[in-house]
Amino acid sequence: MKYMLLVCADASRVESPPDAGEPGPEESPIDAWLDAVRGIRLDGSQLLPPSDAKTVRVRDGETLLGDGPFAETKEVIAGYDILECADLDEAIAMAAKHPVAKFGAIEVRPFWPE
Amino acid sequence: MNSEVEAAVADTFREEWGRIVAFLIRMTGDWDLAEECAQDAFAQALVRWPRDGVPRRPGAWLTTTARNRALDRLRRRANEAVKVQEAMVITRLAESGDADDDSGIGDDRLRLIFTCCHPALAMEARVALTLRTVAGLTTNEVARACLVTEPTMAKRLVRAKTKIRNAGIPYRVPPPQLLPERASGVLAVLYLLFNEGYAATAGTDLVRQNLCAEAIRLARLLVRLMPGEPEPEGLLALMLLHHSRRGARTDDAGELVTLEHQDRGRWDASEIAEGVGLLETALRRGRPGPYQVQAAIAACHATARTAADTDWVEIAALYGELARLVPSAVVELNRAVAVAMADGPAAGLVLVDRLEAEGALPGYHLLPATRADLLRRLHRDADAAAAYRQALGLASSDTERRYLERRLAEVSGPR
């Protein structure tokens, strides 16, 4: 079964990527997690912070473009991972190992049944 | 209809329902099909057994009948649109023999219980599924037990089963690293069932009153299915010890009688003996847990010859142990009551005042009610009256309000 892991963290901890040339961290805790989900992680990525977001609404046929996230919340989506797991218990176990689970939250959402 | 046969069907139902449903769910993965076919098998028994006699192994007869019924229905469905998966299920089911496993090892019912009580399901869904699928209550009975209408309950059950399928909740006994946590989730559901039944007073729906017996039956099953595990034994002991007082809890007018005023001659001695025996077995395993400690507290009350003989020092120590295992303000409040009985009201009041200073249990009437009782026993009548008034402002049950008003009159009246 497919599960979407929405990686949520406090807005203050969601950073912009480093400028070109600026060194990134040597080895981040995410590497250990990526090792743990090797073979079952179908896709995933970190996302740019909400300050780079655009919201799109269509009302009465008119497209309205807004800045920022849909709602001002402290916790924002920092990234996502799509896992293929045997069952919900496996998805929960993998979410619990995610480094962000220690300070943020991982929302585990099953895919809509085919 | 032969009443002996009817009784045989009813007995077999209690014993076999969960086993048959659990087996069919494992084979087909289809909860509705499993329930419908189990129901059909029992309906068949009511027709066939009076005519042909009760089979030598009623459980095996019912399992085979239910399995054949499931095969028929799957084959008919498969004819309409053959799907690879359904064909696999049919083969597996057809080769399953009469699936008669008396060993208890690998019992399908344990899988069923753990799935029904999975933490991803809402508590009310866990309760409903356990009553319907494991215990075999009809949807109507589950609705009455949970105080909702039948359509509401039917919807709740459908949603829960859909969630199991769509969220991928596994049908299995959890692996060892998850077992302690999940097992305590199962025990919580059974204890909640028991407490719902225990809170149901005479005059309420019989199905609701019977929840205690149902919870005890399920706890017995769990003890049998998880041999050597002390917490299920502790929970069963706790239920039996509470249940032993059932007949003495209300007077002829239906008013609640507090523990100290109950007629101990009306307590069920055999339930007390069984509960105490089970608790001793559990404690010998050397792995204490919250249900064993609560059972030990209940045993202190159950074995005291009179209210005055109660070993409050031991009870206060046990509440201390319980607070260490599962810290909570309610446990702390109970400890305060026990300390007041063991060491005097002033010692208890210190603990209650500390809880109040921490702002614990806001809106919980038993905090000011306990404080009021301790102040009354210390003859601080004006303070006691204020606390009784505070408790009255929060209490919602009529019985409790009457009790508080009586006490308030005592401390405010002329002396």
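Me: How many residues of chain B are in contact with chain A, and what makes a pair count as a contact?

Reply: Seven residues of chain B touch six of chain A. Chain B's side of that meeting divides into five nonpolar residues, two polar and no charged. A pair is in contact if the C-beta atoms, placed from the backbone, lie within 7 Å. Please keep in mind that this is a predicted model: local features need pLDDT of at least 70, side-chain atom pairs count only at pLDDT 80 or more, and totals for chains, interfaces and linings use all residues. Residues are numbered from 1 along each chain as its sequence is written, while chains are lettered from A and ligands numbered from 1 in the order in which they are written.

Me: Why are α19(B) and α20(B) called roughly antiparallel?

Reply: Helix α19 (residues 381-392) and helix α20 (residues 398-412) of chain B pack at about 160°, their axes 9 Å apart. Angles run from 0 to 180 degrees between N-to-C directions, on axes fitted to C-alpha atoms, for helices over the stretch in contact. Under 35 degrees is roughly parallel, 65 to 115 roughly perpendicular, over 145 roughly antiparallel and the rest oblique, so this pair counts as roughly antiparallel. The crossing is left-handed, meaning that the near helix is turned anticlockwise from the far one by less than a right angle.

Me: Which kinds of residue make up the contact of α19(B) with α20(B)?

Reply: From α19(B) come residues including Ala384(B), Tyr388(B) and Leu392(B), and from α20(B) residues including Leu404(B), Leu408(B) and Val411(B). The division is eight nonpolar, one polar and five charged. Here Ala, Val, Leu, Ile, Met, Phe, Trp, Tyr, Cys and Pro are nonpolar, Asp, Glu, Lys and Arg charged, and the others, Gly among them, polar.

Me: How do you know that β1(A) and β5(A) pair?

Reply: Pairing needs at least two DSSP bridges, and nine join β1 (residues 2-10) to β5 (residues 75-84) of chain A, which run antiparallel. Therefore the two strands pair. Within them, Leu6(A) stands opposite Tyr80(A) and Lys2(A) opposite Glu84(A). Strands are DSSP runs of E of at least two residues, and helices runs of H or I of at least four, numbered from the N terminus.

Me: What makes β2(A) and β6(A) edge strands?

Reply: The open antiparallel sheet has the order β2-β5-β1-β6 in chain A. Both β2 (41-46) and β6 (105-110) of chain A pair on one side only.

Note on methods
Two residues are in contact if their C-beta atoms, placed from the backbone, lie within 7 Å.
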